[in-house]
Amino acid sequence: MLNIAGSYCRIGMKEKFVVGVTGGSGSILALTLLRNLDGYETHLVVSESAKKVLKEEVGASADDLIKLATYTYDDKDISARVSSGSFKFSAAVVIPCSISTLGKVASGISDTLVTRACAVALKERRKLIMVPREMPLSTIVLENMHKLSLAGAIIAPASPGYYTKPRTVEDMVNFIVSRVLDLMGIENNLIRRWRSGEQ
Ligand SMILES: Cc1cc2nc3c(=O)[nH]c(=O)nc-3n(C[C@H](O)[C@H](O)[C@H](O)COP(=O)(O)O)c2cc1C
């Protein structure tokens, strides 16, 4: 029966973000980002390689990420809700983004939940932020980044600025995560903003 008041449904007022964590170096970036997304609805997917890098780099497990997220899905579960264009989210962030995942998305391959969620963001013209960590970059990788940028993705390399005079790794991590939060449209004061002449 048609509801004369109109179909009006307000579900999930919290802003939703998809967070993909893949096997690039920089697991600490994912942990720091999720800690700063408290209060938002986060949909987390951690690749198998990311779990290895997490253990190697920070002695953490996927559970340490999972407990910071609202929802978590297996990277092999391509039927999870984030794989559908009907699941609305404000932005998808892949942090760190491996060169492998970046290459797959650039080539239209969606054989994991992370790559599928990225493909959905691109096709639905939603914000996709990819945070790769690699150096140097091959011509193939540069071409893939160029292709993704043309398709609407934001390539945000995990490279800190030095003008803020970072003293610790944490300062550098906060710089990168702060810039990612900016790109997601989230107010943050993780770093002191640049003002010429200030020490
Ligand atoms: C300790 C460690 C560090 C790695 N660092 C990087 C890296 O900085 N950038 C990168 O693109 N891949 C890196 N890799 C390789 C990726 O994990 C690998 O290409 C993997 O297949 C990516 O799979 P995924 O995209 O499904 O997570 C690293 C692997 C290990 C074990």
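**A pocket and a ligand**

In the second largest pocket, α4 gives the largest share of the lining, three residues. Helices here are DSSP runs (H or I, at least four residues), numbered from the N terminus. A pocket is an open set of points on a 1 Å grid over the protein atoms alone, where a 1.4 Å probe fits, with protein on both sides within 12 Å along at least five of seven lines; lining residues have an atom within 4 Å of a point.

Before going on, please note that this is a predicted model, in which local features need pLDDT of at least 70 and side-chain atom pairs count only at pLDDT 80 or more, while totals for chains, interfaces and linings use all residues. Residues are numbered from 1 along each chain as its sequence is written, and side-chain values use heavy atoms, with hydrogens and water left out.

Back to the pocket: 14 residues line it, with S47, S49, D75, T101 and K104 nearest its centre. Two or more lining residues come from each of α2 (48–58), α4 (99–107) and α5 (113–123).

Now look at the ligand.

Which atoms does S49 bring to the ligand? An N or O atom in the side chain of S49 is 3.2 Å from a ligand oxygen. Backbone atoms take part too: a polar one of G23 lies 2.7 Å from an oxygen atom of the ligand, and an N or O of S25 lies 3.0 Å from a ligand oxygen.

Notes
A polar contact is a pair of N or O atoms within 3.5 Å; within protein, one must be able to donate a hydrogen and the other to accept it, and residues adjacent in sequence count only if both atoms are side-chain atoms.
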